Every structure is written in structure tokens, then in C-alpha cells.
Amino acid sequence: MPSATVSYEVPSPLGPQPVTVSYTRTGHGEPLLLLHGIGHHRQAWDPVAGILAAERDVIAVDLPGFGDSPALPDGLAHDLPTVNAALAGLCAELGVERPHVAGNSLGGLLALELGREKLVRSVTALSPAGFWSDAERRYAFGVLLTMRHLSRRLPLPLVERLSRSAAGRTLLTSTIYARPGRRSPEAVVAETLALANATGFERTLGAGAAVRWTEDIPGIPVTVAWGTRDLLLVRRQGVRAKHVIPRARLVSLPGCGHCPMNDDPALVARVILDGSR
């Protein structure tokens with residue numbers, strides 16, 4: 001799908017600041033905002049976007065500092081309040097009022113914050129960040145930093161050669177996918193480059209170091225779904241999420257990894273659509 005770009009201003013302690021966000025939009029129905037994880041890009045949602053578009057007006061976003069969206073201006077933190085202000089501004093620019101939202105990992109955390117602020121009508125969070133113990137957070141951040149380092153060190157011809165085989169795609173992406181062989185070679189190359197070139201990576205990861213989700217989200221439907229083969233944010237964190245948000249629907253995604261959209265598109269699409277009805 002061709003992307004579009006919109007620029008606008010968001011409020012900040014420094015006064016209004018310019019923000020530019022890239023996105024794709026397809027489908028018909030109630031609006032549904034899709035938010036990817038750290039180091040990823042909006043194309044993470046490609047396996048499910050077409051299914052969702054049959055019932056929803058699907059808006060897949062490159063978060064600030066990822067994909068085709070530039071980082072936030074200097075002086076603005078890549079934290080929950082600031083990034084969600086940017087997402088609220090995007091919705092205002094697009095004429096979208098209180099969309100449904102689905103997010104994965106960092107995107108799941110952002111989705112929950114949008115729900116807490118009552119800016120959306122439903123939340124589906126796939127392996128959301130923020131329900132970790134200190135040890136689990138250190139482990140996850142260590143893995144992410146290693147992935148970032150490798151993505152910047154591997155020569156592009158080597159990445160392209162590895163992506164042509166199922167074994168090579170497993171080597172490059174098995175941390176986030178339980179079934180990496182299903183990812184296309186072109187997608188693996190693109191997301192490796194997206195991780196390497198993410199201008200907001202360090203600032204976003206740094207802002208996440210102090211995050212621990214502790215608040216209920218009353219008044220709107222919340223679904224939390226976790227892959228049974230998530231190697232980055234282990235699935236016991238889903239049980240913690242259910243304790244913190246007791247009205248949430250907790251769903252297991254059998255055989256899925258940290259980014260389940262590619263591992264089982266039909267199941268993930270059904271979970272999102274059920275959560276947004």
C-alpha cells in the first residue's frame with residue numbers, strides 16, 4: 001500500500017513542536033489504528049491488514065523515529081505522554097475521533113495509554129511492554145540492543161543472501177517470530193534495515209527503562225493477547241497484565257512469537273476484530 005505523510009504541531013513544555021508521521025490507510029468501517037513495536041515499522045501489520053480492512057478503516061502508523069517517520073524534535077522525549085500526543089494529533093489531522101487501537105510490544109503499551117486517556121474506543125494489546133519484572137526488562141532490553149547492533153553491522157548483501165533461505169530468515173528474525181520461515185525475504189530485508197535506521201531507537205528504549213504499567217483501564221474494552229512462544233516478553237507477563245487490568249480479556253495465541261501477526265494472521269485478525277466489536 002502506498003504511504004502518506006502528514007505534518008502538524010503537538011503541544012509541549014517548549015511550546016508547539018512540529019511532528020511528521022507516515023502511515024497507510026485502507027479499508028472501510030470503524031477506524032482502527034495499528035501501532036508497531038520498537039525497531040519495527042508499519043509493515044509489521046501487512047499480514048493482517050488486508051483481513052482487517054474488510055471490516056475496518058485501517059490506519060497503520062510508523063511511530064516517530066521509526067520506518068518513514070522522523071524522530072521527534074530535539075528536546076522532546078520519546079516517552080508515553082509525548083508519543084501519544086503525537087498519535088492524538090495524527091488522529092485529529094485525519095479527522096478520526098476515538099478509533100479502535102491495536103498495538104504490538106511498544107505499540108501495545110502505547111495503545112494501553114491511549115485507552116487510559118480515553119482517546120480510543122477499544123484496545124487490543126499484543127505482548128505489550130510494561131508488565132515486566134526488572135530482570136525481564138533487562139533481558140528484553142539486552143536482546144533488543146543486540147539485535148540493533150547486529151542490524152547495523154551486517155552488510156546489506158549478506159542480509160539479502162540470508163533472507164533467501166528459511167534457515168537464514170530464522171537466524172535473522174527468530175527472536176520475534178515463532179515461524180520466521182513464513183516471512184518473505186523482502187520483508188526480512190526491509191525490517192532489518194528499519195531496525196538499523198531507526199532514528200528514535202535509543203531515545204525510545206531509554207524512555208522505557210522506567211516504565212511499569214500499574215493502572216486499570218475502566219470503561220472501555222481491553223484485550224491482552226500473548227504468544228505462547230514469545231521469546232522477548234515471556235507470556236507470564238500476560239498474567240500480570242490481567243491482574244492489573246482485571247476486566248481485560250486475556251487471550252493465548254498458540255504457537256505465536258513476540259510479533260504474532262506474521263505467525264498466525266487469521267487468529268490475530270480475529271482477536272483484534274473481536275476486541276473491537
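Helices (H or I, at least four residues) and strands (E, at least two) are DSSP runs, numbered from the N terminus. On that basis S3 lies in the segment before β1. The model is predicted: local features need pLDDT of at least 70 and side-chain atom pairs count only at pLDDT 80 or more, while totals for chains, interfaces and linings use all residues. Residues are numbered from 1 along each chain as its sequence is written, and side-chain values use heavy atoms, with hydrogens and water left out.

**Overall chain**

The protein chain has 11 helices and 8 strands. Its C-alpha atoms fill a box of roughly 45 × 40 × 40 Å along the principal axes.

Buried residues account for 56% of the 277 residues, where buried means under 20% relative accessible area, exposed over 50%, and partly exposed in between (1.4 Å probe, protein chains only). Of the contacts (heavy atoms within 4.5 Å) between residues at least 6 apart in sequence, 72% join residues at least 24 apart.

**Helix α2**

Helix α2 covers residues 80–94, which is 15 residues. From first to last C-alpha α2 reaches 21 Å, close to the 21 Å expected at 1.5 Å a residue; the expected span is 1.5 Å times one less than the number of residues. Buried positions in α2 include L80, V83, L87, L90 and L94, along with the polar T82 and N84. The buried residues of α2 pack against the strands β1 (4–10), β2 (17–27), β3 (30–35) and β4 (56–62), and against helix α3 (106–116). Just after α2, G95 takes a positive phi of about 70 degrees.

A85 is found in helix α2. Its relative accessibility is 24%, so A85 counts as partly exposed. S3, at 40%, also counts as partly exposed. Leaving aside neighbours within four places in sequence, S3 is in contact with Y23, T24, R42 and D68. The table gives one C-alpha to C-alpha distance for each of the two residues.

| Pair | Separation in sequence | C-alpha to C-alpha distance |
|---|---|---|
| A85 and P11 | 74 residues | 7.7 Å |
| S3 and A190 | 187 residues | 15 Å |

**Surface and charge**

The protein chain exposes about 11,300 Å², and carbon and sulfur atoms supply 56% of that area. Accessible areas come from the Shrake-Rupley method with a 1.4 Å probe; for residues, only the protein chains shown count as cover.
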